[in-house]
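Please open the model in your viewer and keep the selection tool at hand. The tour moves from one selection to the next and says what is found at each stop.

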Amino acid sequence: MEALYGVSSGNFDIKSPADKFFTSFTDDIDSTFDIISKEKITESVGWEKRTVTLNMCGNLVSDNYNTFKATITVTPKEDETDGSRVVWTVEYEKIRHDIGDPMWIIDILINYLKETDEYLCM
């Protein structure tokens, strides 16, 4: 039996400068996750540390999860002149034990972040 609570996290490098990427991501945040969550609560946006935390509910999220919280932080790379690092953490609580981990939602998040980087680097 799977646990009801879970945390998933990871990181990856992007080519975009941290400030530019974070501004682009947060400017479009309301339309970003409409596919999976009609109701989004931006819990916090920390411009100084380039961190945003979202609580998502509604649509596909509420069908399977009591809570779904994503935190994304963007930091400049210290060892290189170009690029940044994106660190993401997702915390969730399933409504039942037979619900799978939300890897498909996490994949959507990661793909969106990578597509944003590609767009900014054009």
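**First stop: a pair of strands**

Select Thr51 and then Thr73, which is the bridge partner of Thr51 in strand 4. This is a predicted model, in which local features need pLDDT of at least 70 and side-chain atom pairs count only at pLDDT 80 or more, while totals for chains, interfaces and linings use all residues. Residues are numbered from 1 along each chain as its sequence is written, and side-chain values use heavy atoms, with hydrogens and water left out.

Now widen the selection to strand 3 (residues 51–57) and strand 4 (residues 65–76), which pair in the antiparallel sense over five bridges; two strands pair if DSSP finds at least two bridges between them. Helices (H or I, at least four residues) and strands (E, at least two) are DSSP runs, numbered from the N terminus. In strand 3, five of the seven residues are buried, where buried means under 20% relative accessible area and exposed over 50%, with partly exposed in between (1.4 Å probe, protein chains only).

**Second stop: Lys94**

Next select Lys94 in strand 5 (residues 84–94), which counts as buried because its relative accessibility is 1%. Show the side chain of Lys94, and find its polar contact with the side chain of Asp101 at 2.9 Å; such a contact is a pair of N or O atoms within 3.5 Å, and within protein one must be able to donate a hydrogen and the other to accept it, while residues adjacent in sequence count only if both atoms are side-chain atoms.

**Last stop: helix 4**

Finally, select Glu115, Glu118 and Tyr119, which are exposed on helix 4.
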